[in-house]
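Please look over the sequence and the model before reading on.

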There are 2 protein chains.
Amino acid sequence: MTPELRRDPIIGRWVIIASGRRLRPSDFKPEAAASDDVSKCPFCPGREADTPAETFACGPARRKPGQPGWTLRVVGNKFPALDPAGRIHRHGVGMYDEMDGAGAHEVIIETPHHVRHIADMEDCEVEDIFRAYRHRMLAAAQDKRLQYALVFKNYGRAAGATLSHPHSQLIALPMVPIRVRQEMDGSKAYHDYKERCVFCDIIREERRFAERIVCEDGDFIAMEPYASRFQFETWILPKEHSGHYERISAGGIKNLARLMKTVMAKLRRATGGAPFNWMLHTMPLRDHENAHYHWHIELMPKTGTIAGFEWGSGCYINSLPPELAAKTLNET
Amino acid sequence: MTPELRRDPIIGRWVIIASGRRLRPSDFKPEAAASDDVSKCPFCPGREADTPAETFACGPARRKPGQPGWTLRVVGNKFPALDPAGRIHRHGVGMYDEMDGAGAHEVIIETPHHVRHIADMEDCEVEDIFRAYRHRMLAAAQDKRLQYALVFKNYGRAAGATLSHPHSQLIALPMVPIRVRQEMDGSKAYHDYKERCVFCDIIREERRFAERIVCEDGDFIAMEPYASRFQFETWILPKEHSGHYERISAGGIKNLARLMKTVMAKLRRATGGAPFNWMLHTMPLRDHENAHYHWHIELMPKTGTIAGFEWGSGCYINSLPPELAAKTLNET
């Protein structure tokens, strides 16, 4: 196949789809598997005292915070990227701009089991994860210093996890991060021109093309985006237009959890359990709903390395066309 | 130190400087060292037939293309991300936009030696690398299909190199990539407001602050940027305003080569020879010089992993303040 260039319709990023590059030789060995010392894991039950205070938990009603017995637990990050107590103070430093690093940094410990893949969890366990996301985003919205809450998950060392016990994180920021700003600007420009939501249009087009869909139900759709940056990059979107993830209904959480389990099982089979990241892109905290921004989850298995070309250009070279990725996911 | 948020003055990206996070525990082992089979290296002398045709070389005048004896050699990439012969044809696919993947993808084999660090090369060898960049960018500018030539170097597997023999790459694209577009837009907005080049202002500020400079001479300055994304991120800029790298003088190449050797020696000592990327950011091919865009090299040692937070936000968490990075580089 000759390479082709595809443009992401939201932010205008071009991706090179070049399947011939899968055949490149390499004189480096694959990465060694991660070792793991469970006896020191600070997220395992019985070591509750090793983490900062609990802000949310699931488990029996009689259990007290900080005690074992939980099935999911949210705690402050022991090494927070931002200072939970800080004041927001913007100031100049010569020509530069600085802000005190105030914000929230929490860890969602998804399960008491040290090793447990999303695809192997019970439905109700996965529901609790997405319920915890909602709860902590609503809590972050109460803090008027904060403008944005980003929820993400790093699975596996190559995806940036430093601890292997299954967990997600929430970082709440005193500004809207540039990546989300670009999506909001791009989807607004599309809406200004077309008077339609670009994400709603993508869902409609993908259902019409029917070659990049991974799975769907009445509420959600999982698909390989047209301009996929990575092999098996997968996006999950609500079918009905909605800007704020944290306004998801109880029924929505049930369906999202079930769909995510299916997606994760397919991805695990197709990528051999590759490390992955997922990121939840939603509206800034307390912003009014609008007609152009649509929350979604971006899921990126880590099957390659970001190199100088990607850093220098912001473009990506993907050797697996998303149509083929969807086919592979649906065959296995 | 409490974390602080710093804003990049060019594209407005925020970076969290959080030195406390260096203390985080990790239950993963460090990555295994790369193995290397020199007998199969397609870039070593004597295996010239294993690469596509030569487009530039340095070495004795009597040498014929494709023969050994070269000291530097530029060839087509055997697994090109873009099709050198393709036509540029933009078209729609439903709501999406596509372009045929036409462009150039070349490899600059920097030395006949299979193992040779920039810091250990002779001055004239490093000069040849920067001369080759200029030559190939000028050649790319002749091809009216192409709008941008990105030169970059991946050193070490974690930085995305698939072959360890020292080399750089040039990818010439039929569009201006999003990352460069953002820098051009940002520096234009700064110029519209201040009527000054933001890069020239940065150089002036850094010389005034004198705490983030790595080294400088009459023509160039190397510094840790104020909002460094990564530990020991280093930028190299010409002191005199200039948009097009490929218009560099012969004397400029000599000075740039000498400065890069110094920078690379300092970085190697400070990072223990960590993998790195460098990217040359310059104007789009054939664009007229303007008062706001200023070419530069971004050099990023690979000392950590990009994870969900960075992917989801476009922001970065850096645990080493650039002032401390500069101090470390200048002490060792």
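Which residues does Ile236(B) touch, not counting residues up to four places away in sequence?

## Core

The model is a predicted one. In it, Ile236(B) touches Phe220(B), Ala222(B), Leu259(B), Met260(B), Val263(B), His296(B), Ile297(B) and Leu299(B), with residues up to four places away in sequence left out.

Ile236(B) belongs to the largest nonpolar core, which has 194 residues. Ile236(B), Ala149(B), Ala149(A) and Ile236(A) are the residues with the most contacts inside this core. In soluble globular proteins, nonpolar side chains tend to be buried together.

## Fold of chain A

Chain A contains 15 strands and six helices. Its C-alpha trace spans about 60 × 45 × 45 Å along the principal axes. The radius of gyration of chain A is 20 Å, which agrees with the value near 20 Å for a compact globule because the chain has 332 residues.

Of these 332 residues, 52% count as buried. Among contacts in chain A with a separation of 6 or more, 69% come from residues 24 or more positions apart.

## Contact between the chains

In total, 78 residues of chain B are in contact with 78 residues of chain A. On the chain B side, the elements that give two or more residues include strands E1 (4-7) and E8 (148-155) and helices H2 (178-194) and H3 (198-209). By class, this side has 38 nonpolar, 19 polar and 21 charged residues.

Strand pairing also links the two chains: E1(B) and strand E6 (residues 96-100) of chain A pair in the antiparallel sense over four bridges. Within this pairing, Arg7(B) is the bridge partner of Asp97(A).

Terms used. Residues numbered from 1 in each chain as written. Chains lettered and ligands numbered in written order. Predicted model: local features only at pLDDT ≥ 70, side-chain atom pairs only at ≥ 80, totals over all residues. Rg over C-alpha atoms; globule rule 2.2 N^0.38 Å. Buried ≥ 20, exposed ≤ 12 C-beta atoms within 10 Å, placed from the backbone. Contact = placed C-beta atoms within 7 Å. Core = buried A, V, L, I, M, F, W, Y, C linked by C-beta atoms within 7 Å. Nonpolar A, V, L, I, M, F, W, Y, C, P; charged D, E, K, R; others polar. Pairing = 2+ DSSP bridges.
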